[in-house]
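Please look through the sequence and the structure shown here, and keep both in view while reading. The paragraphs that follow go from the surroundings of the ligand to some details of the backbone.

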Amino acid sequence: MDIAGKPYRTIWFEGEGLVKIINQLALPHRFEILELRCFSDALRAIGDMQVRGAGLIGATAAWGMYLAVLEAGEPFGENLARAAETLKALRPTAGNLAWATDRMFKSLSLAVPGERRERARLEAQAISDEDAECCRRIGLHGLGIIEKIAESRETVNVLTHCNAGALAFVDHGSALSPVYTAAERGIKVHVWVDETRPRNQGASLTAWELGQQGIDHDLIADNAGGHLMQHGMVDLVITGADRVTRRGDAANKIGTYLKALAARDNGVPFYVAFPSSSFDFTMEDGLKEIPIEERDSAELRYVWGKNAAGEIEAVQVCPDGSPARNWGFDVTPAPCITALITERGICGPSPEGIRSLYPEQF
Ligand code: MRU
């Protein structure tokens with residue numbers, strides 16, 4: 001991803017014991033880089049949402065395990081297992097968190113003491129690199145879908161929800177990767193950006209990163225998508241996913257399901273783009289099985305933003321003392337999804353479709 005014309009990843013290894021991240025809490029008003037120097041820095045980064053998005057949560061967990069290895073005394077196995085459990089409890093919905101943490105733990109449990117640091121570094125780097133590469137490939141596979149639509153339109157209008165762009169991964173993004181690839185190939189693409197209440201990842205992150213890449217876009221109210229679809233203003237919807245079951249049910253940011261319903265009612269294709277690290281092949285029925293994170297009600301009761309003086313502040317938008325409930329994700333059932341876009345290609349949202357790309361998992 002280019003930021004002010006300079007290529008960045010969202011997380012990177014800077015040197016022994018030092019990992020750096022882009023602080024997403026400061027965006028879009030300030031570009032800030034933070035240092036992770038110890039395991040508790042990684043816990044804070046994920047828990048406080050300095051980093052967020054399924055792929056980036058996974059990569060940060062991997063680097064968190066690397067930092068935990070530097071600190072872990074004996075008994076090493078027990079200490080590392082405790083670190084892994086602490087990490088995995090932070091964000092329950094994103095499948096990548098457990099996937100990356102377990103992969104690190106498995107790799108490290110085989111290492112002899114003198115090899116642990118180097119093995120942890122190499123494995124965390126591999127998880128980061130694979131995440132970026134999977135997202136790059138998602139862009140290439142999704143490109144075909146956009147190219148086809150562009151044959152009959154001057155501009156292809158994509159609607160997306162939340163942020164499944166480069167900021168949600170190590171690089172490139174999932175839902176936005178086909179958009180970036182199409183734009184690089186000279187196709188005119190315009191993105192409708194759902195604001196994505198309550199944390200406004202669309203308004204603060206998607207709009208920002210699209211602007212940085214020079215992609216034409218408009219921010220819209222969360223409730224506007226159905227209206228735009230009814231009026232032929234959306235050619236396709238592409239969202240990301242935080243966890244996808246073996247039959248193709250997809251958990252994503254709250255409100256995604258409503259967009260899928262509106263898309264189905266209006267004959268607008270609805271794609272879900274994600275790397276296979278977000279698959280949970282142990283789960284079948286997403287509605288029953290995917291854990292949905294319930295977050296602090298303060299996220300709903302207050303809105304954060306820049307005031308006229310340029311200072312960041314929170315304002316309360318509901319009556320004093322109004323109770324609120326804040327579910328972070330919902331599940332879009334497979335029948336509402338046109339197709340899944342993964343690093344191995346495009347498939348139908350069904351066990352047969354998924355098996356055609358991931359036979360080893362069935
Ligand atoms: O709560 P977040 O910001 O970590 O939520 C994750 C998301 O950004 C979205 O659900 C996204 O569309 C899928 S994650 C790539």
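By class, the shell around the ligand is made up of 9 nonpolar, 4 polar and 4 charged residues. This is a predicted model, and every value given here is computed from it. Of the 17 residues around the ligand, the ones that come nearest are Arg52, Arg91, Asp242, Asn252 and Lys253.

Some of the side chains in this model can be followed down to single pairs of atoms. An N or O atom in the side chain of Asp242 is 2.6 Å from an oxygen atom of the ligand, and for the side chain of Lys253 the corresponding distance to an oxygen atom of the ligand is 2.7 Å. Gln201 also takes part, with an N or O atom of its side chain lying 2.9 Å from an oxygen atom of the ligand. Taken alone, the ligand exposes 400 Å², and the protein buries 100% of that area. The space that the ligand takes up is the largest cavity. Two elements, α2 (54-71) and β11 (250-253), are those that give two or more residues to the shell around the ligand.

Leu27 and Pro28 are joined by a cis peptide bond, for which omega is about 5°, and Pro28 is found in the loop between β4 (18-22) and β5 (33-36). A cis peptide bond also leads from Arg197 to Pro198, with omega near 5°, and Pro198 has its place in the loop between β7 (189-194) and α7 (201-212).

A further detail of the backbone concerns Cys162, which has a positive phi of about 65° although it is not a glycine. To find Cys162 in the structure, look in the loop between β6 (156-160) and α6 (177-184).

Methods: Residues numbered from 1 in each chain as written. Predicted model: local features only at pLDDT ≥ 70, side-chain atom pairs only at ≥ 80, totals over all residues. Heavy atoms only, no water. Near = heavy atom within 4 Å. Polar contact = N/O pair within 3.5 Å; in protein donor to acceptor, adjacent residues only side chain to side chain. Areas by Shrake-Rupley, 256 points an atom, 1.4 Å probe, with all protein chains shown as cover. 1 Å grid on protein atoms, 1.4 Å probe; cavity = no way out; pocket = protein on both sides within 12 Å on 5 of 7 lines; lining within 4 Å. Sits in = over half its atoms within 2 Å of the grid points. Helix = DSSP H or I, 4+ residues; strand = E, 2+ residues; numbered from the N terminus. Nonpolar A, V, L, I, M, F, W, Y, C, P; charged D, E, K, R; others polar.
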